[in-house]
Amino acid sequence: MKKLSSENIILNNVDVEKKIERISLQILEDNINEEKIVIFGISDNGVIIAKKIIEHLNKISKLQSSLCKVINDNSIKYDQKFDITDTSILIIDDVSQSGKTLQSVISDLFNFNPKRIKTAVIVNRDHSLFPVKIDYSGISLSTSVNEHVEFTINKDAKMTVYLN
């Protein structure tokens with residue numbers, strides 16, 4: 001992998017924050033008749049993005065939201081117990097590379113009888129090898145399979161997206 005440098009930046013922190021705000025508005029529009037939504041953040045980056053989305057939703061609506069962390073460690077696990085029966089859920093990840101992780105989480109959550117499942121990512125690579133529909137994305141990139149998109153969060157909580 002190439003070294004991360006400013007030449008490779010696709011989105012800087014300001015750009016990512018704007019994408020998160022726009023995605024939050026879209027989520028609210030799609031859930032305007034819902035009382036609550038359960039949000040699943042995939043790994044650390046997905047949880048950080050999910051927390052920011054929840055923060056935006058709390059500022060602009062009365063939509064109740066709760067957060068569960070998805071732990072992807074060769075199998076799908078969660079950081080807490082939850083009840084999503086007949087509840088709208090949202091799965092959040094930083095980058096959809098192949099769609100494999102999102103597909104695994106969707107398949108697992110189907111066992112809990114949710115009302116509906118939506119997905120959100122900051123970067124959709126348009127290289128899905130698995131049947132996953134991305135409902136909300138900050139940016140869609142048509143890249144070669146040799147390129148890699150990396151979403152980083154530094155110690156100051158600044159988010160950056162790189163293309164290598």
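Buried means under 20% relative accessible area, and serine 88, with a relative accessible area of 1%, is therefore buried. We will come back to this residue in the last of these close-up views, which are all taken from a predicted model.

View 1. Six strands make up an open sheet with mixed pairing, and their order is β4-β3-β2-β5-β6-β7. Look to the edges for β4 (76-78) and β7 (136-140): each has a single partner strand, so one side of each is left without a neighbour in the sheet. From one strand to the next, the twist averages 25°.

**View 2. Strands β2 and β3, with the helices that pack on the sheet.** Strands β2 (residues 36-42) and β3 (residues 64-72) run parallel and are joined by seven bridges. Lysine 36 has glutamine 64 as its bridge partner in β3. Helix α3 (residues 100-109) packs on the sheet, where it touches β2, β3, β4, β5 and β6. The direction of α3 makes about 165° with that of β5. Helix α2 (residues 43-60), for its part, lies across β2, β3, β5 (88-96) and β6 (116-124), and runs at about 150° to β2.

View 3. A search of the whole structure turns up five aromatic pairs. Among them is the pair of phenylalanine 40 and phenylalanine 82, with ring centres 5.0 Å apart and planes at 80°, so this pair is edge-to-face. Phenylalanine 40 belongs to strand β2 and phenylalanine 82 to the loop between β4 and β5, so the pair ties together parts that are 42 residues apart in sequence. Both phenylalanine 40 and phenylalanine 82 are buried. Phenylalanine 82 also pairs with phenylalanine 112, this time in a tilted arrangement, at 4.9 Å centre to centre and 55° between the planes. Because phenylalanine 112 lies in the loop between α3 and β6, and phenylalanine 82 in the loop between β4 and β5, their pair ties together parts that are 30 residues apart in sequence. Phenylalanine 112 counts as partly exposed, at 31% relative accessibility. Ring pairs link Phe40, Tyr78, Phe82 and Phe112 into a cluster.

**View 4. The surroundings of serine 88.** Here is the residue we started with: serine 88, found in strand β5. A polar contact of 3.3 Å joins its side chain to that of arginine 116. Leaving out residues up to four places away in sequence, serine 88 touches Asn31, Glu34, Lys36, Ile37, Val38, Lys115 and Arg116.

Technical notes: Residues are numbered from 1 along each chain as its sequence is written. This is a predicted model: local features need pLDDT of at least 70, side-chain atom pairs count only at pLDDT 80 or more; totals for chains, interfaces and linings use all residues. Side-chain values use heavy atoms; hydrogens and water are left out. Two strands pair if DSSP finds at least two bridges between them. Helices (H or I, at least four residues) and strands (E, at least two) are DSSP runs, numbered from the N terminus. Axes are lines fitted to C-alpha atoms, for helices over the stretch in contact, and angles run from 0 to 180 degrees between N-to-C directions. Contact means heavy atoms within 4.5 Å. Rings of Phe, Tyr and Trp (its six-membered ring) pair if their centres lie within 6.5 Å; planes under 30 degrees apart count as stacked, over 60 as edge-to-face and the rest as tilted. Buried means under 20% relative accessible area, exposed over 50%, partly exposed in between (1.4 Å probe, protein chains only). A polar contact is a pair of N or O atoms within 3.5 Å; within protein, one must be able to donate a hydrogen and the other to accept it, and residues adjacent in sequence count only if both atoms are side-chain atoms.
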